[in-house]
Each structure stands twice: as C-alpha cells, then as structure tokens.
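Open the model in your viewer and keep the sequence panel beside it.

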Amino acid sequence: MPDETRHAEAIDGAPSPRTAAVIPAAGRGVRLGRGAPKALRPLGGTPMLVHAVRAVARARTVSLVVVVAPPDGAAAVRTLLDEHPLPQAAGDTDVMVVTGGGTRQESVARGLAALPGDIDTVLVHDAARPLVPVETVEAVAAAVRAGAPAVVPALPVADTVKQIAPGTPAGEPEPVVATPERSLLRAVQTPQGFDRTVLAKAHADAPREGEGATDDAGMVERLGVPVVLVPGHEEAFKVTRPLDLVLAEAVLARRRVTDGF
Ligand SMILES: Nc1ccn([C@@H]2O[C@H](COP(=O)(O)OP(=O)(O)OP(=O)(O)O)[C@@H](O)[C@H]2O)c(=O)n1
Ligand SMILES: C[C@](O)(CO)[C@H](O)COP(=O)(O)O
C-alpha cells in the first residue's frame, strides 16, 4: 500500500489529525508465573510485545505506536524493538517507548501523556494480546473515526457467570448472590479506541489509588460518555495464565502454515 494512503490525508495543506496506539506493556505477568516481564517473554521465538506492536502497526490508520515499558526496562525495550524492526506493511509508523507505572491505569496514563498534539484518536492495546488480527484493529479505529467516542471489541460469554458476595475469606466457599442473564454479557478485549479528549478526561478524573481501573472504557463510562461494542476476535485473547501461552503458540504455528508468516 503506498505510504500516502496509509495514514490520514492532509486537507488544504494542513496536517490531518492522526491515530496513535498506546501499548501498556509494563506488567510483571504474575499469573503467567516466574520469569521476565510478560511482554518480553517469547512467543514463537519473538517477544510477545513485538507481536503486539506489529499487529497494531499493520493497521492502515495507525501512524504512531507508544510502548509503555516496565519501570526498570525502557532501555531494554527500546533495544528489543530496534532489533525487531516493523515489517514493510507497517509503512512509516513511528514507535516511541515510555516508562510505565505500578498499575495498568497508570501505565496507560503515562502513554497518553507522551502523545504529540496532532493525535486525535487513541487505541489502547494490551501487549498481552499479541495475536489480535489487523481487521479488529481497523474496525475499532474506523468506528471512532466515524464518530463514536469510545469503541470496544467484545465477544459473547461462553460460560454462565455468577456474581458473588464481597468479602469472602480466601479458601472459603463463595456465596452466590446473582446469575446475570448471559445473553446480555460480553467479554471485552483490546484495542479499545477513543476520541483522545474523552480518554484524557477519563484518566484525569479517575482515582489513582488502589488497583486502578481494569479497562479504559470503564473509566469513560463513569464520565457518562457512551461506549459501544464492535465484534471482537477469538485470536485477540489475552495471555494471562500458562495455558494461554500454549494456545498462543498453537495459533501462531497455524498462522505460519496457513498464511506463510
Ligand atoms: N502496571 C502495569 C500492569 C499491567 N500493564 C499491562 O496491561 C496489560 C494487561 O494486563 P495483564 O494481562 O493483567 O498483565 P500483567 O499485569 O502483567 O499480569 P498479572 O496481573 O498476571 O501480573 C498487559 O499488557 C500489561 O503489560 C501495564 O502496562 N502496567
Ligand atoms: C483491558 C482488558 O484486557 C479488557 O479485557 C482487561 O481488563 C485487562 O485486565 P488485567 O487484569 O490487566 O488483565
């Protein structure tokens, strides 16, 4: 694809607003088990973070990727990304590295703070979702560009979900208080796409103490701004526990056979 059609076009000679992806990659990966920070662990021989950066950079509209590195690992992440350049399909997408914080929310806030002024659309994508298809990234970005302030890819929930009472001590049976209607539930993924101003306000207004919000769209909901869902993808799953890594390796191996990469 020619470079001039990859990113937003200039109108009347003025630079057009651009889309950036912020990739929080500063988590330790405690649930995956001991080892390097999760984003730096290999998947098919290549760090998970590199897969995630390539996945969003392949999207036509993304012209900047901001990687949020572990607090003590920004230099190592910069080196890693230099050693794994973007494929030609990513065109002239820039990749910046900033340092993350103690929660996902704080890490995303630091990525947002680093964005240049000409960015008007922001996709926030977990490094821990390395296999998201480019079509999902494009669909989210397109929905924001079409006017939705907050867009989230999501899938129907396969299991029945129970709500429990808070405060049950660990190891004790948990009392069930409700069974939400499953057909009304969705499991949400990333990239979550936002109008930049809306996402910046959500982060500015959100409390910073504690565990932080588990996703960015939830913070936008608290502003009273509408959030809409678009179809997610099974391969955009999050690598959280060891079995997820087994699945990710299998998906990647299948892609290498069917797609030849
Ligand atoms: N302080 C943090 C915590 C999480 N993340 C990022 O947020 C994404 C989703 O988080 P999760 O899958 O929970 O990653 P971890 O926090 O690393 O996992 P765990 O909770 O098992 O430690 C990941 O890409 C992770 O690197 C981050 O940038 N900064
Ligand atoms: C943002 C997210 O991936 C949406 O499903 C998820 O909420 C991240 O949660 P985690 O606890 O940081 O894994």
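The tour goes from strands to core, then to a loop, a helix and the ligands.

This is a predicted model, in which local features need pLDDT of at least 70 and side-chain atom pairs count only at pLDDT 80 or more, while totals for chains, interfaces and linings use all residues. Residues are numbered from 1 along each chain as its sequence is written, and chains are lettered from A and ligands numbered from 1 in the order in which they are written.

**Stop 1: strand β1**

Select residues 18-24, strand β1. Helices (H or I, at least four residues) and strands (E, at least two) are DSSP runs, numbered from the N terminus. Six of the seven residues of β1 are buried; a residue is buried if 20 or more other C-beta atoms lie within 10 Å of its own, exposed if 12 or fewer, and partly exposed in between, with C-beta atoms placed from the backbone. Strands pair if DSSP finds at least two bridges between them. Look for A21, whose bridge partner in β4 is V65. Strand β6 also runs parallel to β1, joined by five bridges, and there T19 has T121 as its bridge partner.

**Stop 2: the largest nonpolar core**

A nonpolar core is a set of buried Ala, Val, Leu, Ile, Met, Phe, Trp, Tyr and Cys residues joined through C-beta atoms within 7 Å. The largest one here has 60 residues, and V22, I23, L49, V53, V56, V65 and V67 touch the most other members. Helix α2 (residues 48-57) gives the most to this core, with eight residues. Then pick V67: leaving aside neighbours within four places in sequence, its contacts (C-beta atoms, placed from the backbone, within 7 Å) include I23, L49, V77 and V95.

**Stop 3: A114**

A114 sits in the loop between α4 (104-113) and β6 (119-124). Is A114 buried or partly exposed? It has 15 C-beta neighbours inside 10 Å, so it counts as partly exposed. Not counting residues up to four places away in sequence, A114 touches V66, M96 and V98.

**Stop 4: strand β7**

Select residues 150-156, strand β7, which is joined to β11 by two bridges and runs antiparallel to it. A150 stands opposite F194 in β11. With β10 the pairing is antiparallel over three bridges, and A154 has V188 as its partner there. Strand β12 (residues 228-231) pairs with β7 in the parallel sense over four bridges; V152 stands opposite L229.

Next, zoom to the loop between β10 (186-188) and β11 (192-195), where P191 lies. The peptide bond joining T190 and P191 is cis, with omega about 10°.

**Stop 5: helix α8**

Of the 17 residues of α8, the number buried is one, so this helix lies largely in the open.

**Stop 6: the ligands**

Show ligand 2, surrounded by R104, D126, V188, Q189, T190, T214, D215, K238 and T240; a residue is near a molecule if its C-beta atom, placed from the backbone, lies within 6 Å of it. Ligand 1 is surrounded by 22 residues, of which the closest are P24, A26, G27, R31 and S107.

Conventions. Two residues are in contact if their C-beta atoms, placed from the backbone, lie within 7 Å.
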